[in-house]
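Come along and check each entry against the picture.

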Amino acid sequence: MSTYELSKRIQSFWKFLVKLLTRHWRSLVLLFLGVYIPLQIFGELAEEIWEKEGGFPWDVPILLAIHSTTSPQLDGFVITLTNLGAYWGVFPVSVAIVLLLAFRRQWRFLTYALITFLGSLLINRAAKLTFQRVRPSLWESPAPESDFAFPSGHAMGSVTFAIVLIILTWNTRWRWVTVIGGIVFAIAISWTRMYLGVHYPSDIIAGWMASIAWAVGVCLVIRPHRSQRRLEKEEEAATETS
């Protein structure tokens, strides 16, 4: 191969690369912010717990500060609210969403929702069995739990649920209502887990990070808002520019 031919190929590749990166810069930013950074944070937390078999110096003080706000009247409200993050709320509504998407034959949205919901559940169970972190025992909880703590299943489930709803409503007028409502819901559910003394703050943060990375990563792969025809056209255009 001559120097001229090599130069032409390098120029052709460079043009293709620039056009490809320009076209997909939003996805790359989302990949960095929504997958890479959360995974890094989760990895740091997991490594610390795995190596030291303990918590962090800020775990207990935060729990004690939250516990100082408890009252018998608030206990009942918190127990009801925390159940909305699992069997009373997130689970039945998630099933309803899946059934509705199947009924409406929105296959790409359905695929995204199913993979995200089920994957989040499996990741949480696998992580709990891997790290086997014992739950806090700083006081007698009004709603005790018996399984492992890291990462928080309620935190993961509520954030996963919120992100799925945000993705499904992103191109509708309900976008920002879902964003704000989802954030408030996820924070409220996570707060109840610390209020009840069944999770350390690091369990909550790890659950948030794992669910964000998973839900965003699946979105980037499935691309639920793109039609199959549009995806095929984009692939053909990318091929032609090369």
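**Entry 1: helix H8.** Which residues of H8 are buried? I looked them up in this predicted model and wrote down Thr178, Val179, Gly182, Ala186, Ile189, Ser190, Thr192, Arg193, Met194 and Tyr195. Next I checked what these buried residues pack against, and found helix H3 (59-67), helix H4 (72-83), H7 and helix H9 (201-222). I also checked the span of H8: its 21 residues reach 30 Å from first C-alpha to last, close to the 30 Å expected at 1.5 Å a residue. After H8 comes Gly197, and I noted its positive phi, near 75 degrees.

**Entry 2: aromatic pairs.** How many aromatic pairs does the structure hold? I found eight. One of them is Phe42 with Phe150, with ring centres 5.7 Å apart and 25 degrees between the planes, and it is stacked. I then traced where the two partners sit: Phe42 belongs to helix H2 (residues 25-52), while Phe150 is in the loop between helix H6 (107-131) and helix H7 (153-169). They are 108 residues apart, and the pair links distant parts of the chain.

Trp191 is partly exposed because its relative accessibility is 27%, whereas Tyr195 is buried because its value is 1%.

I also marked a cluster in which ring pairs link Phe42, Trp50, Phe131 and Phe150.

**Entry 3: a charge over a ring.** What sits over the ring of Trp170? I found the charged end of Arg175 there, 4.3 Å from the ring centre.

**Entry 4: the largest nonpolar core.** A reminder to myself: in soluble globular proteins, nonpolar side chains tend to be buried together. Here the largest nonpolar core has 20 residues, and those touching the most other members are Leu101, Tyr112, Phe117, Ile163, Val164 and Leu168. Helix H5 (90-103), H6, H7 and H9 each supply at least two of its residues. H7 gives the most, with six. Last, I looked up Leu168: leaving out residues up to four places away in sequence, Leu168 touches Ile97, Leu101 and Phe109.

Methods
Residues are numbered from 1 along each chain as its sequence is written. This is a predicted model: local features need pLDDT of at least 70, side-chain atom pairs count only at pLDDT 80 or more; totals for chains, interfaces and linings use all residues. Side-chain values use heavy atoms; hydrogens and water are left out. Rings of Phe, Tyr and Trp (its six-membered ring) pair if their centres lie within 6.5 Å; planes under 30 degrees apart count as stacked, over 60 as edge-to-face and the rest as tilted. Helices (H or I, at least four residues) and strands (E, at least two) are DSSP runs, numbered from the N terminus. Buried means under 20% relative accessible area, exposed over 50%, partly exposed in between (1.4 Å probe, protein chains only). A charge sits over a ring if NZ of Lys or CZ of Arg is within 6 Å of the ring centre and within 35 degrees of the ring normal. The expected span of a helix is 1.5 Å times one less than its number of residues. Contact means heavy atoms within 4.5 Å. A nonpolar core is a set of buried Ala, Val, Leu, Ile, Met, Phe, Trp, Tyr and Cys residues joined through side-chain atoms within 4.5 Å.
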